[in-house]
Amino acid sequence: MPTTLDASAIQKIEDEAKKAPISEIASYLQKHLGQKITAYLGGLKDIKEAGAWASKERNPRFEAEMRLRYAYQAAWMLVQAYGDATAKTWFFGTNTRLNDEAPAYILRNAKVPEDMR
């Protein structure tokens, strides 16, 4: 049975996604989604770079960081409610609310508006 998340839990994860060090975000995504998916979400071609983000060896560029922070919010809620396997599947399944695109594809190709930089 899925775990129900209340408004305060959702607000907490939104706040955490904004404030947590990017290495923690990358580590969480790697742990629950895997390094390959984390790299894909961050827009990387070299999956080892995601490991460098998680181990604090390097920091992602701003757009990649924002993608990971948004992915973290979705992943955390999905993992809590349904587990790792379902979270991985959700990121790559087509979504009618996203014009039948997969959430992972949308995140990977998202551009950060100039006013957010």
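## The nonpolar core

A nonpolar core is a set of buried Ala, Val, Leu, Ile, Met, Phe, Trp, Tyr and Cys residues joined through side-chain atoms within 4.5 Å. Here "buried" means under 20% relative accessible area, "exposed" means over 50%, and "partly exposed" lies in between (1.4 Å probe, protein chains only). This is a predicted model, in which local features need pLDDT of at least 70 and side-chain atom pairs count only at pLDDT 80 or more, while totals for chains, interfaces and linings use all residues. Residues are numbered from 1 along each chain as its sequence is written, and side-chain values use heavy atoms, leaving out hydrogens and water.

Which residues touch the most other members of the largest nonpolar core? They are Ile-25, Leu-29, Leu-33, Leu-41, Leu-68, Tyr-72 and Phe-91, in a core of 29 residues. Two or more residues come from each of helix 1, helix 2 (22–33), helix 3, helix 4 (48–54), helix 5, helix 6 and helix 7 (103–108). Helices and strands are DSSP runs numbered from the N terminus (helices: H or I, at least four residues; strands: E, at least two). Helix 5 gives the largest share of this core, nine residues. As general background, nonpolar side chains in soluble globular proteins tend to be buried together.

## Helix 1 meets helix 5

Two packed helices are described by the angle between their axes and the distance between the axes. Helix 1 (residues 7–19) packs against helix 5 (residues 62–82) at an angle of about 150 degrees, and their axes are 9 Å apart. The axes are lines fitted to C-alpha atoms, for helices over the stretch in contact, and the angles run from 0 to 180 degrees between N-to-C directions. This crossing is right-handed. A crossing gets that name if the near helix is turned clockwise from the far one by less than a right angle, and is left-handed if anticlockwise.

Now for the residues that meet here. Helix 1 brings Ile-10, Ile-13, Glu-14, Glu-16, Ala-17, Lys-18 and Lys-19, and helix 5 brings Arg-69, Tyr-72, Gln-73, Trp-76 and Met-77. Contact means heavy atoms within 4.5 Å. Sorted by class, the two helices meet through six nonpolar, one polar and five charged residues. Ala, Val, Leu, Ile, Met, Phe, Trp, Tyr, Cys and Pro count as nonpolar, Asp, Glu, Lys and Arg as charged, and the others, Gly among them, as polar.

Not counting residues up to four places away in sequence, Gln-73 touches Ile-13, Glu-14 and Ala-17. With neighbours within four places left aside, the contacts of Tyr-72 are Ile-13, Glu-16, Ala-17, Ile-25, Tyr-28 and Leu-29.

## Aromatic pairs

How many aromatic pairs does a search of the whole structure find? The search finds three. Rings of Phe, Tyr and Trp (its six-membered ring) pair if their centres lie within 6.5 Å; planes under 30 degrees apart count as stacked, over 60 as edge-to-face and the rest as tilted. One of the pairs joins Tyr-40 and Phe-92, which are tilted, with 5.6 Å from centre to centre and 50 degrees between the planes. This pair links distant parts of the chain, since Tyr-40 is in helix 3 (residues 35–41) and Phe-92 is in helix 6 (residues 84–92), 52 residues apart. Tyr-40 is partly exposed at 25% relative accessible area, and Phe-92 is also partly exposed, at 41%.

Trp-90 and Phe-91 form an edge-to-face pair, 5.0 Å centre to centre with 80 degrees between the planes. Trp-90 is partly exposed at 33%, whereas Phe-91 is buried at 0%.

Pro-103 belongs to helix 7 and is buried, with a relative accessible area of 5%. Setting aside residues up to four places away in sequence, Pro-103 touches Trp-90, Phe-91, Gly-93, Asn-95 and Leu-98. From C-alpha to C-alpha, Pro-103 and Ala-71 are 8.9 Å apart in space, and 32 residues separate them in sequence.

Lys-56, in the loop between helix 4 and helix 5, has a positive phi of about 70 degrees although it is not a glycine. Asn-99, in the loop between helix 6 and helix 7, has a positive phi near 55 degrees and is likewise a residue other than glycine. Lys-56 is exposed at 66% relative accessible area, and Asn-99 is exposed at 69%.
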